[in-house]
Amino acid sequence: MNYGFFDILLLAGSLGIFIYGMKIMSEGLQKAAGESLRKVLKGMTANRFSGIFTGFFTTAVIQSSSATTVMVVSFVNAGLLTLRESMGVIMGANIGTTITAWLIAIFGFKVMIYEVAIIAVGVAFPFLFSKKSSYRHIAEFFMGFGILFIGLNLLKDSVPDINSNAQILEFITRLTQMGFGSILLFILIGTVLTIVVQSSTASMAITLVLLYKGWIDFPIAAAMVMGENIGTTVTANIAALAGNIHAKRAARFHSIFNILGIFWMVLTLNYFLAGIDFMITQFLPGHISVFQNSEIGRENATVGLALFHTGFNVLNTLLLFAFIPFFEKLVIKMQSPKSEDDEIVKLQFLSTGMMQIPELALAEAKKELQFFGKVIEKMSFSFNALVFENPQNAEAIIQKIKKREQLTDDLEIALVNYLTKVSESDLSQESSQSIPSMLSMANDLERIADIYYQMTKNYERMTASKIKYPVDVMHDLKELLELVYEAIKLMRSNMEKEKKEISMKQVFEVEERINTTRRQLRKSHFKRLEKNIYDAQAGVIFLDYVTRAERIGDHLVNVNEALVGIK
């Protein structure tokens, strides 16, 4: 045996260069297509078909189905996607991850791209220092592309020649000559390999190299690919451990979907591989079978393996797509709630995976800020009902407002921590500029929640002191607080829009109406004090309501300014 410890280190280093190139290429694509990614995410919830496209497109860009499914689990956990909507995205992610296999199979084996890869690095390198961000992002993509294929070439060279290593050859031969048992064994090996390297793309590259070098034959390589499909589900299931029951259900579906696909594929594997061999021999030059152990045969086998990977995932999606409602019921039954609280969708930040996709992490943060705005609107609605409708369940409403105020405290802390970590990533210029705006919005929204909490305490003091205001006083106060509620709804609407769609003129008009009403109420207040319509304590509480309402209006303007990039 001619393969020593130094050779193993070379192999590990080659794999490291390959994975690093994939990372750089992926990050360059993310930054170049950051805005497009965010727009695609908006269509995520439209229907199951658009969900499949979203999963495919996102995975094709970020080059990682694991990262996409972690993102989906995160969105389900936050209540931004339903379980059924997430299933389509997961199916699409399985198809999207096959794109890299085609790139590697064609450019890494059929086309000798090593020299082109080095040239790509050389040409792209000067543009890394460009002042124009779009040039830098494209340069990063080509740098990553070049490093990836340089790493792949080194990986091919560092895998030893099987004919000169008789002991390894004998060992591999025994493993691959157990018939159906060998298929099951290499499915397991593929699963473990993907879990260890934490990348189905990297494990696919290793499989392609082993196939190309003759260490394994075509059916065994197909078995490893099936195992890699199982291994890639582990990351999402780990991410779901920290999530709620909905996140766990989405992760369970990912596992069930892939395992069911492997089950039917194992039963029909020989026929499927024969069909792929027929297509390869018909359409590729040389018409050499993927089962032939020759240099051209092994090259054709690498393309055949990419075709197997895509065909398997596409066909699995077509076969199981119609059964999504059944799978939804199945995973709900499998992951049943332990208590009623388990079914409540809670917003929680899952940084696992999302930190690897900073452009999409910002899209998630934006959605969670929208949720923040929704909490504020609910607090405003509850407070107005508390003051003006004199409800019998006043104490329950008060407790609800207090719980939501605590939620906003937690939200601000989570958002600040989350965005701070994202800001440490290599972001596009536009994304980097959006982080301070998001932090400003979180701060203003939390202060609005604090104000409603303080106003609720004023209400408790008012009821404890049995203070009753005249009808006209309550009418004036209601007019002001309803204007504030209108401004909150406008803010929430603007949070759903793009910058260019937001009308600051409308924002300032509502703010001016709040300020005008506040000035009128202050004048009326002092006149009432002079006429002893209410006492000093009642007057202090009334004026506090008016002052705090006006402050809410100021914070709402701040949020809108942050949305358009002014603040």
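Begin with the aromatic pairs, of which a search of the whole structure finds 18; rings of Phe, Tyr and Trp (its six-membered ring) pair if their centres lie within 6.5 Å, and planes under 30 degrees apart count as stacked, over 60 as edge-to-face and the rest as tilted. This is a predicted model, in which local features need pLDDT of at least 70 and side-chain atom pairs count only at pLDDT 80 or more, while totals for chains, interfaces and linings use all residues. Residues are numbered from 1 along each chain as its sequence is written, and side-chain values use heavy atoms, leaving out hydrogens and water.

Select Phe218 and Phe291, whose ring centres are 5.8 Å apart and whose planes stand at 85°, so this pair is edge-to-face. Phe218 belongs to helix α12 (residues 218-240) and Phe291 to the loop between α13 (245-283) and α14 (295-320), so the pair ties together parts 73 residues apart in sequence; helices here are DSSP runs (H or I, at least four residues), numbered from the N terminus. Phe218 is buried, with a relative accessible area of 1%, whereas Phe291 is partly exposed, at 42%; buried means under 20% relative accessible area, exposed over 50%, and partly exposed in between (1.4 Å probe, protein chains only).

Next, select Trp264 and Phe312, where the ring centres lie 6.0 Å apart and the planes meet at 55°, so the pair is tilted. Trp264 sits in helix α13 and Phe312 in helix α14, so this pair ties together parts that are 48 residues apart in sequence. Trp264 is buried at 17% relative accessible area, and Phe312 is buried as well, at 1%.

Then select Phe141, Phe142, Phe145 and Phe149, which ring pairs link into a cluster.

Now turn to the largest nonpolar core, a set of 65 residues in which Leu369, Tyr452 and Tyr469 touch the most other members; such a core consists of buried Ala, Val, Leu, Ile, Met, Phe, Trp, Tyr and Cys residues joined through side-chain atoms within 4.5 Å. Among the helices that each supply at least two residues of this core are α16 (358-388) and α21 (536-564). Centre the view on Tyr469: which residues does Tyr469 touch, not counting those up to four places away in sequence? They are Met462, Met474, Tyr534, Ala538, Ile541 and Phe542.

Finally, select Met22, Ile262, Val303 and Leu305, which are included in a second, separate core of 57 residues.

Key:
Contact = heavy atoms within 4.5 Å.
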